[in-house]
Amino acid sequence: MTLTSQDRTIIEATQAGLPLVTRPYAVVAESLGLSEADLIERLKHLKAQGIIRRIGAAPNHYRLGMTANGMTVWDVDDAVVDSLGEKVGVLTFVTHCYRRPRALPDWPYNLFAMVHGETRDEVVAKRSEISSLLGKACRASDILFSTRILKKTGMRLRGKEG
């Protein structure tokens, strides 16, 4: 699918985030000379076409008091990693969960789940819950604690195509 100039403008106006107001789509729409309904409809279309994957909040976990953040990594049997990954991904304390290829022989892990907590002990306890859920399908695991915040951004459009 080719992006229209209006689609590019909408993406450029929203890619860095929405304004923190009661009706953020109305504010963005007004700045683009659109109605709020038209903007929302266009965003739905872009999502349906796979041009944008999602619109969501990206909270600063440190400001929320979640200063112990650990990426739990798991070596899970490939035959069940997808189904078990879905179960891990819906746990209330997991903010994102995904499958990645192993990098053998040094990195046997194929399932990753980010866990946040107020203390490292809390994160370790949550990791134990994941371990229980994975059961015998899990051969090994580890936890990598964050030492600093990394800025998370997706791909960004810049200016008009030339």
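Guide: A charge is said to sit over a ring if NZ of Lys or CZ of Arg is within 6 Å of the ring centre and within 35 degrees of the ring normal. This is a predicted model, in which local features need pLDDT of at least 70 and side-chain atom pairs count only at pLDDT 80 or more, while totals for chains, interfaces and linings use all residues. Residues are numbered from 1 along each chain as its sequence is written, and side-chain values use heavy atoms, with hydrogens and water left out.

Visitor: Over which ring does the charged end of R120 sit?

Guide: The charged end of R120 lies over the ring of F145, 4.1 Å from its centre, and that of R127 lies over the ring of W74, 5.9 Å from its centre.

Visitor: How many aromatic pairs are there?

Guide: Rings of Phe, Tyr and Trp (its six-membered ring) pair if their centres lie within 6.5 Å, and planes under 30 degrees apart count as stacked, over 60 as edge-to-face and the rest as tilted. The count by this rule is 3 aromatic pairs. One of them, Y98 with F112, is stacked, at 5.5 Å centre to centre and 5 degrees between the planes.

Visitor: Is F112 buried or exposed?

Guide: Buried means under 20% relative accessible area, exposed over 50%, and partly exposed in between (1.4 Å probe, protein chains only). F112 has 11% relative accessibility and therefore counts as buried. The rings of W107 and F112 form a tilted pair, because their centres are 6.4 Å apart and their planes stand at 35 degrees.

Visitor: Which residues form the aromatic cluster?

Guide: One aromatic cluster is formed by Y98, W107, Y109 and F112.
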